[in-house]
Amino acid sequence: MDQLSNFLSGILRYPIEQLPFVVITLLIAFTVHEFAHAYTAYKFGDPTAKDQGRLTLNPIQHLDPLGTILILIAGFGWARPVPVNRRHFKNPRAAGVLVSLMGPVSNLLMAFIGYGVFYFIISTGSWTTTSNFIIDFLNVFIQLNMMLFVFNLFPLPPLDGYRIVEDLVSPSMRAKLTQYEQYSILVFLIILVTPLDRYTIYPIMQAVSSFFIRCFQSIFSMFM
């Protein structure tokens with residue numbers, strides 16, 4: 001058992017004692033993220049995700065095995081992308097931006113709600129043994145949702161940030177981006193699986209996450 005624990009500790013990004021919190025958070029965060037994409041697309045007139053059973057809060061419909069495993073090992077991961085047919089949109093570029101944006105925004109909203117619960121427990125002083133358990137969970141919940149918010153906004157394929165850029169640039173620039181997309185994906189994967197993430201993606205994520213946490217704290221401090 002000790003050997004297994006040592007082995008898992010060596011390959012996992014998170015401490016073993018946090019794994020239940022991480023798994024529960026991923027089930028919620030990935031599911032809500034993809035549901036937000038599907039719901040927004042549906043509201044703009046695209047029934048593709050709904051027709052394929054993706055307009056649901058059932059985690060089984062949204063989890064990607066490789067993406068889930070990778071987030072446990074590398075700290076980064078993804079869910080199954082929601083299918084979107086832009087031809088159903090009256091304004092494909094504007095709708096496309098909003099559909100792509102709502103996934104990360106849902107993670108930011110969940111981090112905000114999680115921080116609100118965390119701040120309430122801390123500020124009211126209603127501390128119990130159960131509170132310790134909840135605080136440990138909320139720390140992981142806030143951290144992972146903030147990570148997914150920032151990570152998915154990086155302008156690299158296949159992330160939401162790249163899809164947003166595609167819809168914001170001109171059609172000619174979009175065509176050029178498509179030509180180099182396969183190379184961009186390769187660069188992205190190299191960053192993920194090598195120590196380069198410590199000098200590129202991770203510092204940005206830390207800085208942006210810290211900024212929003214400070215904003216959350218300022219907001220809730222005004223009311224409590």
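**Exercise 1. Burial and overall fold**

Task: Find what share of the 224 residues in the protein is buried, and state how many helices and strands the protein has.

Solution: 
- Step 1. Buried residues account for 39% of the 224 residues. The model is a predicted one.
- Step 2. Count the secondary structure. There are ten helices and zero strands.
- Step 3. Write the order along the sequence. The pattern reads α-α-α-α-α-α-α-α-α-α.

**Exercise 2. Two residues in their surroundings**

Task: Decide whether alanine 29 is buried or exposed, and do likewise for asparagine 152. Then list what each one touches.

Solution: 
- Step 1. Apply the cut-off: buried means under 20% relative accessible area. Alanine 29 has 0% relative accessibility, so it counts as buried.
- Step 2. Set aside residues up to four places away in sequence. Alanine 29 then touches Asn107, Met110, Asn145 and Leu148.
- Step 3. Turn to asparagine 152. This residue is in helix H6, residues 129–152.
- Step 4. Its relative accessibility is 9%, so asparagine 152 counts as buried.
- Step 5. Leave out neighbours within four places in sequence. Asparagine 152 is then in contact with His33, Pro104, Leu159, Asp160 and Gly161.

**Exercise 3. The loop between H6 and H7**

Task: State where proline 158 lies, and which form, cis or trans, the peptide bond from proline 157 to proline 158 takes.

Solution: 
- Step 1. Proline 158 sits in the loop that links H6 and H7.
- Step 2. Read omega for the bond from proline 157 to proline 158. The value is near 10 degrees, and the bond is cis.

**Exercise 4. Helix H7 against helix H8**

Solution: 
- Step 1. H7 contributes Tyr162, Val165, Glu166 and Asp167. H8 contributes Arg174, Leu177 and Thr178.

**Exercise 5. Helix H5 against helix H10**

Task: Describe how H5 and H10 cross, and name the residues that meet.

Solution: 
- Step 1. Locate the helices. H5 covers residues 92–124 and H10 covers residues 201–221.
- Step 2. Their axes come within 10 Å and cross at roughly 50 degrees. H5 is therefore oblique to H10.
- Step 3. Assign the hand. The crossing is right-handed.
- Step 4. On H5, the residues are Leu108, Ala111, Phe112, Tyr115, Gly116 and Tyr119. On H10, they are Phe212, Ile213, Phe216, Gln217, Ile219, Phe220 and Ser221.
- Step 5. Sort this contact by class. There are ten nonpolar, three polar and no charged residues.

**Exercise 6. Annotated spans against the model**

Task: Which residues does UniProt list under "transmembrane region", and how helical are spans 133–154 and 180–196?

Solution: 
- Step 1. The unreviewed UniProt entry lists residues 21–42, 62–82, 94–121, 133–154 and 180–196.
- Step 2. Residues 133–154 are 91% helix and 0% strand, with the end C-alpha atoms 33 Å apart.
- Step 3. Residues 180–196 are 76% helix and 0% strand, with 21 Å between the end C-alpha atoms.

Conventions
Residues are numbered from 1 along each chain as its sequence is written. This is a predicted model: local features need pLDDT of at least 70, side-chain atom pairs count only at pLDDT 80 or more; totals for chains, interfaces and linings use all residues. Side-chain values use heavy atoms; hydrogens and water are left out. Axes are lines fitted to C-alpha atoms, for helices over the stretch in contact, and angles run from 0 to 180 degrees between N-to-C directions. Helices (H or I, at least four residues) and strands (E, at least two) are DSSP runs, numbered from the N terminus. Angles under 35 degrees count as roughly parallel, over 145 as roughly antiparallel, 65 to 115 as roughly perpendicular and the rest as oblique. A crossing is left-handed if the near helix is turned anticlockwise from the far one by less than a right angle, and right-handed if clockwise. Contact means heavy atoms within 4.5 Å. Ala, Val, Leu, Ile, Met, Phe, Trp, Tyr, Cys and Pro count as nonpolar, Asp, Glu, Lys and Arg as charged, and the others, Gly among them, as polar. UniProt positions are given in the numbering used here, feature names are shortened, and annotations may be inferred rather than shown by experiment. Buried means under 20% relative accessible area, exposed over 50%, partly exposed in between (1.4 Å probe, protein chains only).
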